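Hi everyone, thanks for coming. Let me put the structure up on the screen, and then we can walk through a few places in it together.

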Amino acid sequence: MGIRRIFGSLLHYMLPRKRQGEGEAVNEQDSEIVLKKHRISTSTDNKNTGETNSSGTSNLGVGNSNIKGSGSCGEPTITEMAFDDGKPRDIDEDLHSRQLAVYGRETMRRLFASNVLVSGMQGLGVEIAKNLILAGVKSVTLHDEGTVELWDMSSNFVFSEKDLGKNRALASIQKLQELNNAVAISTLTTKLNKEQLSDFQFSLPSALCIIFSVLWIYRFVMTLEDAGFDVAIIETGDSSFLERHYMSRFFIFPWAVVFTDINLESAIEFNEYCHNHEPPIAFIKTEVRGLFGSAFCDFGPEFTVFDVDGEEPHTGIIASISNDNPALVACVDDERLEFQDGDLVVFSEIRGMTELNDGKPRKIKMHVLTLSPLMKIQLLSEAINDPGDFLLSDFSKFDRPPLLHLAFQSLDKFVSELGRFPVAGSEEDAQRLISITSDINESLGDAKLDDINPKLLRHFAFGARAVLNPMAAMFGGIVGQEVVKACSGKFHPLFQFFYFDSVESLPTELLDPSDFRPLNSRYDAQISVFGSKLQKKLEDAKVFVVGSGALGCEFLKNLALMGVSCGKHGKLTITDDDVIEKSNLSRQFLFRDWNIGQPKSTVAASAASSINPLFHIEALQNRVGPETENVFSDTFWENLNVVVNALDNVNARLYVDQRCLYFQKPLLESGTLEFEGLLEKTPAEANAYLSNPNEYASAMRKAGDAQARDNLERVIECLDRERCESFQDCITWARLKFEDYFANRVKQLTFTFPEDAATSTGAPFWSAPKRFPRPLQFSVTDPSHLHFIMAASILRAETFGISVPDWAKHPKKLAEAVDKVILPDFQPKKDVKIVTDEKATSLATASVDDTAVINELLLKLDQCQKTLPTNFRMKPIQFEKIRGFDEYVPCGWQGGDDFEDDDTNYHMDLIAALANMRARNYSIPEVDKLKAKFIAGRIIPAIATSTAMATGLVCLELYKVINGSHKLEDYRNTFANLALPLFSMAEPVPPKVVKHQNMSWTVWDRWIIKDNPTLRELLQWLADKGLNAYSISFGSCLLYNSMFPRHKDRMDKKVVDLARDVAKVELPPYRDHLDVVVACEDDEDNDVDIPQISVYFR
């Protein structure tokens, strides 16, 4: 019945929901796009229809929103039951795990209910829209009245030559929709007016009227049906009808508008409307003009920031609270506290004064909760005349923001007077812009600038029409993050103007005006800034990109649009040994859900080629390291122009850095850090014994220490006492482990140290921060208990190569199997020594009896082996990287070195279950699976906005590298924090220079001698430089020393032959040189530290 459907939609709309779906964009006519989307539903799958609003130009795609009926879904899984805290699972944690690590659930929910309008779909607009769609806002409206031009092709990754002449918004929607089908994307192709901005915001009273009206109608219809009437109501055919036409208008959801291509007069008009609207509409004006960019934010008259910096609140453990007024709160003595006067704190788990556990913040005299500021924000019309303090990005340019503030006003006036932008290379246009700037500056009176820097304004005028991709990527990240702040209150917003330039990226040589002329190519916008000569260098560049994850995808998009390696002699090589996972899709925008499981580098290369068909790119699946130097050979490195790192682990980044230093190649570095951690390695230890029992036994006897004894005991336990031959054995093992870890050990601990135990000084043993534990009573009706058994038994089965039956994940059948387990009686033992010193090691001290014990254990192990099947081997499980989690983990698993994110392998299920059961022992709040991932370090916090910004900054440096004539002071290292926001740019530190006679060198230098020299020729080559070599070594082997008379016999031997004979080294066929370290002194016997010397023998 239609009314039931509307009522169901109403309830569904009021509740948070998981934002998932898939669909495709279908062109129905030139001015209309309907997006077919299918959200989670149960018994019905209605076909969606596109609805066109009253203006005929805004078309919204939405999806089904049906309520799951009782009985329409299957039984919940054990995992779902274990982590069910009564709250709706409205966030796809597999997809948004990295983003959740940054924002948290509440911020994500606000974000998922946010509507955003992006006006201007050139390069900057599409970058902002991309980042917001990946973030998962509720809806994005794309507005643009213009059509796609060839000029747009160098900055907009969604356009192709087939789109030339089409409306920009309509040409963008399909590819943007592919990024996240859970976001409703619409287009607006006519002139925007103020009233349209509030189409999605109506007052709460209006919403309540509609709610009560629907409820009344529903009750009326039910009454008629109960009376026997056959009520016929016309159905909409789509449960999302109400959402599209009513609910989105009646509820006040966050709404933000971003203008990327608007004149100042119109911007002021829109800003005043948004600022004074009730509730306020967040307003952002931003633009990129060549190598210059600006942003202005106004989130309303007053804007509350709920979390200023995103840092975790400080916490402290309370020892006691007095009954005084005001009360004195004493914390444990050995804890360093970071509280300050006036901080607000929230108390929890207080006993004896439970009224403090109400969750209310209380002001104290000592930082647990950050009180966010209430910000007073000016209108654009006010701030343009009184901008206040500017956010600095480059501290070497203190005077730059006020000048750019004038320059952007001057450009707006220039365009309004002439109806066009300044022409690149036109000195007449540049002088006119300078004159306008001078006039505005003079009108400022006492606030005028002393110098308006005509040279800088000239550069500004020449590139004013161009939207460069690196600048669009950078500002797309910054502005995208500001929209998130406006919608969520998470992090401190930009206040209020921000200006940036990278004029240092321009070619150092003077260019002729003819160099800026368009060539009727997709790079014309970039040519108008840098000239055609640098464009040719970019196209012929040979580039190596290491990694194709989030950073790698952004880099490939940027490089393709810039035309890097798109020429006849250019080539880009990208490598990544990883495959695509679901969690990648929220940041690594070149991938789609149908790419899951495919190689990252291959898919990314294919997607980048679709952005620019001229892109010469080769995709490899090799890890970069010493083991692949046959792939990435000396010749490969020597032929490169630049290396771009897009890695997420330290070791690989250090290796690439070392190779770039060795081959003297520029390295543009960016990336994220990995986390360390290991679990037990019993299966690998068992396999080491089974592979070669005699050798293993010999090694254990030789070690003869407590570690060897402990290893043997664990191997015997695994292969004998706890060996599993069926899945029921695995369940028995898991159940016994539960009883051991969470019941028996606790019973023993509390028996040895009862609740009233005292220390040797008479102080209570169980005093803060110690908590008195309680043993757990296992119950098959407790989903968390059953969850532990399921995860542990499945992984145990995998270790022994036992197949897992389907019923293992069925709660009732698993419970029946657990009930079959017979538990031995447990009685606490007297005189058990329990280590209470946190610094104590877990191994017993080695003793004179170790040798005898080891021999006895080896004898038992030999007997145990005879009972095993022939060629039996265990299957060690490579756990994902876990940070600081190495206690109470059952033997049978080991930690891995590679970062993975597979939620189907039960690794995190076990870890979360272990953590929660231990937390339950000590009455500590339990965490869900996602929080467990954060704590374990398996999830590296990451968001698309920061990735986009970082790659944009790197590509600005790439212009300088490819040009090849910039000084060191022209380059920039950047640290940026989008949460604060904070930008810190600095020049790189120059390397130490060593001088000798008329020569000088640094760590970047490597001396090369070719033609396969003899030792005598190498010594003479050094002598010609005024250096007396007295020692030459290769690796750890000494090839020559002047103090050894016998070494004079080696003088006429080839250096490479000496390396083979003395060092016994086999040089691989792909290696054409070897490196020697030479110790030298000058004619005055002073040691001279010279560079490494490469001797080429091929």
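Asn 595 is buried, with a relative accessible area of 8%. Buried here means under 20% relative accessible area, exposed means over 50%, and partly exposed is in between, using a 1.4 Å probe and protein chains only. Before going on, please keep in mind that this is a predicted model, where local features need pLDDT of at least 70, side-chain atom pairs count only at pLDDT 80 or more, and totals for chains, interfaces and linings use all residues. Residues are numbered from 1 along each chain as its sequence is written, and side-chain values use heavy atoms, with hydrogens and water left out.

Where does Asn 595 sit? Its place is in the loop between strand S19 (571-575) and helix H19 (600-611); helices (H or I, at least four residues) and strands (E, at least two) are DSSP runs, numbered from the N terminus. Leaving aside residues up to four places away in sequence, Asn 595 touches Ile 580, Leu 590 and Val 603, where contact means heavy atoms within 4.5 Å.

Now for another loop, the one between helix H31 (944-963) and strand S25 (973-977), which holds Glu 969. Is Glu 969 buried or partly exposed? Glu 969 is partly exposed, at 38% relative accessible area. From Glu 969 to Pro 990 is 21 residues in sequence and 9.0 Å in space, C-alpha to C-alpha.

Next, please find helix H32, residues 1015-1023. Its residues Leu 1015, Leu 1018, Leu 1019 and Leu 1022 are buried. Looking down the axis of H32, the buried residues fall within an arc of 95 degrees, so they line one face of the helix; the arc is that of the directions from the helix axis to the C-beta atoms. Among the elements covering them are strand S30 (1028-1034), helix H33 (1055-1062) and strand S32 (1073-1081).

Let's finish with cysteines. What is a disulfide? It is a covalent bond between the sulfur atoms of two cysteines. How many disulfides are there by the rule used here? The rule asks for a pair of cysteine sulfur atoms within 2.5 Å, and the count comes to zero.
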